[in-house]
Amino acid sequence: LPISATSTDIVVSAADANYFTVAGNPTEVAGTSQTITVTAYDAFGNVASGYTSSHSLTFAGANGSPVPSVSPVINGTVFGNPTSLSFTGGVATASMTLYKVETALITTADGGITADAHKLSVNVTPNVASYCAITGTATQIAGTSQTITVTTYDAYNNVATGYTGLHGLTFSGANVSPAPSTSPTIAGTPFGSATSLTFTAG
């Protein structure tokens, strides 16, 4: 007798969530935000579509900016603290803001489910120059000179390496000598007048 076969459709569903991936832009300017995507996968590389609704994830991998420090945040929550994300079909998005110039390796965890093997690498670059710092010798004899260093920083205390080329700075804070008076100078220019300085990487 001929043997006949019948076929049966089998619906294969993803297993429980086993790990996360974190995806986003590989570059970010300090103090600005980007949207990242967190996806849950089962142990076999399928999106864990059953990982849904609200879950508390803890993010790590980025540092606070130089002192006075500003901490990195996810949806306004500081890294290292549980952050509530809403998952649909195993996928959630969040807003991330980083402040320290560094290569951050962003990971997250929900208990034993982590993104440690699938981190997002982000090259954080300085924001625009916000203020200057002047360093030099704390004592000086009248009429002698010393070399001072002017460094520009962004609003988050990273060196503003994009501040380059020739800039006109006006110095103040020192007074003229008694009569007959002699004005303090920077590179030969009297205080109160613009002095041209050439900056390299801030």
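**Figure 1. Threonine 107 in strand S9 of the predicted model.** Threonine 107 lies in strand S9. The residue counts as buried because its relative accessibility is 9%, under the 20% cut-off. Beyond its neighbours within four places in sequence, threonine 107 is in contact with Thr58, Phe59, Ala60, Ala115, Asp116 and Lys119.

**Figure 2. Polar partners of threonine 107.** The side chains of threonine 107 and aspartate 116 are joined by a polar contact of 2.8 Å. The side chain of threonine 107 also reaches the backbone oxygen of alanine 115, at 3.5 Å.

**Figure 3. The largest nonpolar core.** This core has 28 residues, and those with the most contacts inside it are Phe20, Phe59, Met96, Leu98 and Ile106. At least two core residues come from each of strands S1 (19-23), S3 (33-41), S4 (53-60), S7 (82-87), S8 (91-97), S9 (103-110) and S11 (120-125). A second, separate core has six residues, including Leu169, Ile186, Leu197 and Phe199.

**Figure 4. Surroundings of methionine 96.** With residues up to four places away in sequence left out, methionine 96 touches Glu28, Thr32, Ser33, Gln34, Ile36, Val73, Ile74, Phe79, Ile106, Leu120 and Val122. Methionine 96 and Ile106 are both among the residues with the most contacts inside the largest core.

**Figure 5. The chain around these views.** The chain has 17 strands and zero helices. Its radius of gyration is 28 Å, whereas a compact globule of 202 residues would have one near 17 Å. The C-alpha atoms fill a box of roughly 125 × 35 × 20 Å along the principal axes. Of the 202 residues, 31% count as buried.

How values were computed: Residues are numbered from 1 along each chain as its sequence is written. This is a predicted model: local features need pLDDT of at least 70, side-chain atom pairs count only at pLDDT 80 or more; totals for chains, interfaces and linings use all residues. Side-chain values use heavy atoms; hydrogens and water are left out. A nonpolar core is a set of buried Ala, Val, Leu, Ile, Met, Phe, Trp, Tyr and Cys residues joined through side-chain atoms within 4.5 Å. Buried means under 20% relative accessible area, exposed over 50%, partly exposed in between (1.4 Å probe, protein chains only). Helices (H or I, at least four residues) and strands (E, at least two) are DSSP runs, numbered from the N terminus. Contact means heavy atoms within 4.5 Å. A polar contact is a pair of N or O atoms within 3.5 Å; within protein, one must be able to donate a hydrogen and the other to accept it, and residues adjacent in sequence count only if both atoms are side-chain atoms. The radius of gyration is taken over C-alpha atoms; the globule rule is 2.2 Å times the number of residues to the power 0.38.
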